[in-house]
Amino acid sequence: GTSEEDNQLIKKWGEPKAYPFTPKAHYELGEALGGMDFETAVAMSGSRFVLLKGPLARLERALANFMLDIHTQKFGYQEVSPPLLVKSHALYGTGQLPKFGEESFQTTDQHWLIPTAEVSLTNMAADQIYEHEVLPLRYVAYTPCFRSEAGAAGKDTRGMVRLHQFSKVELVSFVPSYMAEEEHERMRGAA
């Protein structure tokens, strides 16, 4: 939909867990523990940034390491540390431009900060023709991601939602077209 009010529930799975107390929002817990600092982040960078400290910063790093280890050791992905800045053609190649131009950050020398590692990983195959025998190729990366979230629905949501900068682990596979659905299910299982 054009706004959050237009969104429709299409499928529901499971039942929400009932607690004998009122659960707190993630930002309430993070701030109370002293590990999630929006005020300092806003002072240095403006709105939609967060500063993680101590155990929460360590937890974020540990989760990324855990996911990288699982994907490389159990599922056969090759770890990549890709560029965080790309040229316009890389964003066009992944469909980010022109559609998400206002959602992206551009530097003064015509580079763009990646909105997701998918851009860099997918562009590893740009202008390449692979022999069938080398496929599938599977890559995983942990990178910061940068999005302006201009005009995004939910932009006024509190907490670590719709941030300008966040980090995530991304999976990308290059497979023959007849393997697309099978690979998609494999990736979902790995994730």
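How many of the ten residues in β6 are buried? Eight of them are, so to speak of burial I need the cut-offs: buried is under 20% relative accessible area, exposed is over 50%, and partly exposed is in between, with a 1.4 Å probe and protein chains only. β6 is therefore a mostly covered strand by that definition.

Before going on, the ground rules. This is a predicted model, in which local features need pLDDT of at least 70 and side-chain atom pairs count only at pLDDT 80 or more, while totals for chains, interfaces and linings use all residues. Residues are numbered from 1 along each chain as its sequence is written, and side-chain values use heavy atoms, with hydrogens and water left out.

Now the chain as a whole. It has six helices and seven strands. These are DSSP runs numbered from the N terminus: helices are H or I with at least four residues, strands are E with at least two. Along the sequence the pattern reads α-β-α-β-α-β-β-α-β-α-β-β-α. The C-alpha trace spans about 55 × 45 × 40 Å along its principal axes. Of the 191 residues, 31% are buried. Taking a contact as heavy atoms within 4.5 Å, 68% of the contacts between residues at least 6 apart in sequence join residues at least 24 apart.

Next, the sheet that holds β6. It is open, has three strands in the order β3-β6-β7, and its pairing is mixed. The edge strands, β3 (78-79) and β7 (165-174), each pair on one side only. Two strands count as paired if DSSP finds at least two bridges between them. β3 has two bridges to β6 (residues 137-146), and this pair runs parallel. Q78 has Y139 of β6 as its bridge partner, and E79 stands opposite V140 in β6. On the β7 side, ten bridges join β6 to β7, and this pair runs antiparallel. One of the partners there is V169 in β7, which goes with Y142.

What packs on the sheet, touching β3, β6 and β7? Helix α3 (residues 54-73) does, and its direction makes about 165° with that of β6. Helix α6 (residues 180-190) also packs on the sheet, touching β6 and β7, with its direction at about 140° to that of β7. For these angles, axes are lines fitted to C-alpha atoms, for helices over the stretch in contact, and the angles run from 0 to 180 degrees between N-to-C directions.

Last, the backbone geometry. Most residues other than glycine have a negative phi, and most peptide bonds are trans. Which peptide bonds are cis here? The bond from L97 to P98 is cis, with omega near 5°, and P98 sits in the loop between α4 (88-93) and β5 (111-113). The bond from L135 to P136 is cis, also with omega near 5°, and P136 is in the loop between α5 (117-122) and β6.

Two entries on phi. R48, not a glycine, has a positive phi of about 70°; R48 lies in the loop between α2 (38-45) and β2 (51-52). R162, in the loop between β6 and β7, has a positive phi near 60° and is not a glycine either. R162 is partly exposed, with a relative accessible area of 34%.
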